[in-house]
Amino acid sequence: MRRAELTRRGQEIRRQGQRQRWSVQRIAEAIVQELPQVLPLEAWRWALGWSRAQTITEIADYYTRTRIGTSLLNASMLCKWEHGDITPGYDYTAALCAVYQADPVRLGLRNTTLLSHVIDGRAYRDGRGFPRWTYTDGDAMTVDHNSGAAALAAIRDSIALALEVEGPAGGPLALENLASAVAYYDRNYSMFPPGLLAVEVHRTRMLVGGMLKRDQSDTARTELRCLAGWLSALVGNLAFHLADYPAAAIHFATAARLGTAAGDGDLICWSLGAHAMTAYTSDRPIEALELAQQAYEYAGTPLRRAQILAWGRLRSLAHMGEGYRSDAAVVMVAAQRELEADPDGDRPGRFGFDLAELQLHLAEANLQFGDHTAAGLHAGASRHSLPVGRPGWAAATLVLARAEAARGRLSDAAALGLEVLDVIPAPALRETSRVRLRDLDRDLSAAGSPGAEAQDLRERTRALPTLIPVGRISDEPNGRS
């Protein structure tokens, strides 16, 4: 049966069901039963009597209502979902369930294992009272590889389709889709394994690099440089989490140059701050302090000042040892005051900062200075304010474990480390957490004979597969583009 005939027959089934006062679910099931070529996701839309344009509008409204961000859904993406060519990712699955008022199984999304996300014993519900869903592939808060790849590819496809329509130089639609993509990567950074996200961000940046090689108005070129800069910042951060520190430094420096070319002080600030953290991690604290000072000069909000103080100054001073304890104490107080002074409280996403992250940095600084009680208090506060399974939760848990080990609670420390390994799938375990796991193992070993749990932790830590840097997928745009 041809597509037009399928559509016509589906409409007839709907009208028949309405006359008999069937529910939407029963109408959808009748469509699937009589027209096996039609998949449930499309059948539900037909049962509601919606066009694809109406579904797209409803999804966009859901994104606005739940403050997820800006929906990138278009008719082509929806068509591919309905025909089974690709699978919607986490956020879009939640949105489809909400607007169609159906669970994932009824919508035919059986290849994604989902459950209602429970917070404080109650299912989280959106404005319409329908459960929001999340993946359960070892980590309740991380998108599985296949679904994540499909979601990221769909975002990139929306940009490529805009370039098909507007030409290789792009236009307003391509710029809008690029900005939405950057916002999506920022907001959902922690939902994806770093290797998977790195590949997609590289590819998106390659699209921007191609646009920059074309003739552009001054306004469009400035916006493209800014977007390329934030993408470079993301690539740098992903390289950092994949333990490719030289590449991270290059990408952060490029992001700062692009921020200068575009006149985006916030991009310059964030990139220099991240570069400082890379220098500190690479055992160059003096360079990190210099970069942090440069970043601080561009910090235009209390939140950014708190972030740079914690990222660059505090971590570097703590790394330099006991002689810098008093200087670090001043920075701790200043960072807390700046965050308290921020009118918005915090900013979600990779480019943001919040109290949980500040607590983590305070914990690690206190740990390095030997104040294990304060380290445990800050790490515990950070851990308990974050969803289980998020990278920040893993980091706080491991710092808490090290504080417990330092206080002689070896069994508790090992159990916390094992909890992280049980919850976070190996591909999603960042190098920062792996370093903390190795530090915890050394702490436990230095304590003598910590027991079977510590031995299990050591074996599982050593068995973790090596992180593989993404390498050079795209041309690196720079401030001269």
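# Briefing: contacts, charges and backbone features

A60 has a relative accessibility of 29% and so counts as partly exposed. This residue belongs to helix α4, which spans residues 52–65. The structure is a predicted model. A search of the whole structure gives 26 salt bridges, and the count of aromatic pairs is 10.

**Salt bridges**

- Side chains of opposite charge can pair when their charged atoms come close.
- E419 and R383 form a salt bridge through their side chains, with an N to O distance of 3.5 Å. E419 is in helix α19 (residues 410–423) and R383 is in helix α17 (residues 372–384), so this bridge ties together parts of the chain 36 residues apart in sequence.
- The two partners fall into separate classes of accessibility: E419, at 26% relative accessibility, counts as partly exposed, whereas R383, at 14%, counts as buried. The limit for a buried residue is under 20% relative accessible area.
- A salt bridge also joins the side chains of R402 and D443, at 2.6 Å from N to O. Because R402 lies in helix α18 (residues 391–406) and D443 in helix α20 (residues 431–446), the pair ties together parts that are 41 residues apart in sequence.
- R402 has a relative accessible area of 22% and is therefore partly exposed. D443 is partly exposed as well, with a relative accessibility of 25%.
- D422 is bridged to R460, and the closest N and O atoms of this pair are 2.9 Å apart. The pair links distant parts of the chain, with D422 in helix α19 and R460 in helix α21, 38 residues apart.
- R460 counts as partly exposed because its relative accessibility is 29%.
- One network, joined by salt bridges that share partners, contains R3, E42, R45, R52 and E82.

**Aromatic rings**

- The model has 10 aromatic pairs. In one of them, W270 and W311, the ring centres are 5.5 Å apart and the planes meet at 75 degrees, so the pair is edge-to-face.
- W270 has 0% relative accessibility and so counts as buried. W311 is also buried, with a relative accessible area of 1%.
- Both tryptophans belong to one aromatic cluster, made up of W230, F252, W270, W311 and F351.

**Negative surface patch**

- Four acidic residues, D412, E453, D456 and E459, form a negative surface patch.
- Helix α21 (residues 452–462) gives the most to this patch, supplying 3 residues.
- D456 is located in helix α21. Its relative accessibility is 31%, so D456 counts as partly exposed. Patch members must have over 30% relative accessible area and no salt bridge.
- R460, the partner of D422 in a salt bridge, is in helix α21 too.

**Positive phi angles**

- Most residues other than glycine have a negative phi.
- Q101 is not a glycine, yet its phi is positive, near 55 degrees. Q101 is found in the loop between α6 (90–100) and β1 (114–116).
- With a relative accessible area of 42%, Q101 is classed as partly exposed.
- A243, likewise not a glycine, has a positive phi of about 70 degrees. A243 is placed in the loop between α10 (218–241) and α11 (245–262).
- A243 has a relative accessibility of 31%, which means that this alanine counts as partly exposed.

- A60 and A95 are separated by 35 residues in sequence, and their C-alpha atoms are 8.8 Å apart in space.

Conventions: Residues numbered from 1 in each chain as written. Predicted model: local features only at pLDDT ≥ 70, side-chain atom pairs only at ≥ 80, totals over all residues. Heavy atoms only, no water. Patch = residues over 30% accessible without salt bridge, like charges linked within 9 Å, V, L, I, M, F, W, Y side chains within 5 Å. Areas by Shrake-Rupley, 256 points an atom, 1.4 Å probe, with all protein chains shown as cover. Lys, Arg positive; Asp, Glu negative; His and termini not counted. Charge placed at Lys NZ, Arg CZ, Asp CG, Glu CD. Helix = DSSP H or I, 4+ residues; strand = E, 2+ residues; numbered from the N terminus. Buried < 20%, exposed > 50% of the residue type's maximum accessible area, 1.4 Å probe, protein only. Phe/Tyr/Trp six-rings, centres within 6.5 Å; stacked < 30°, edge-to-face > 60°.
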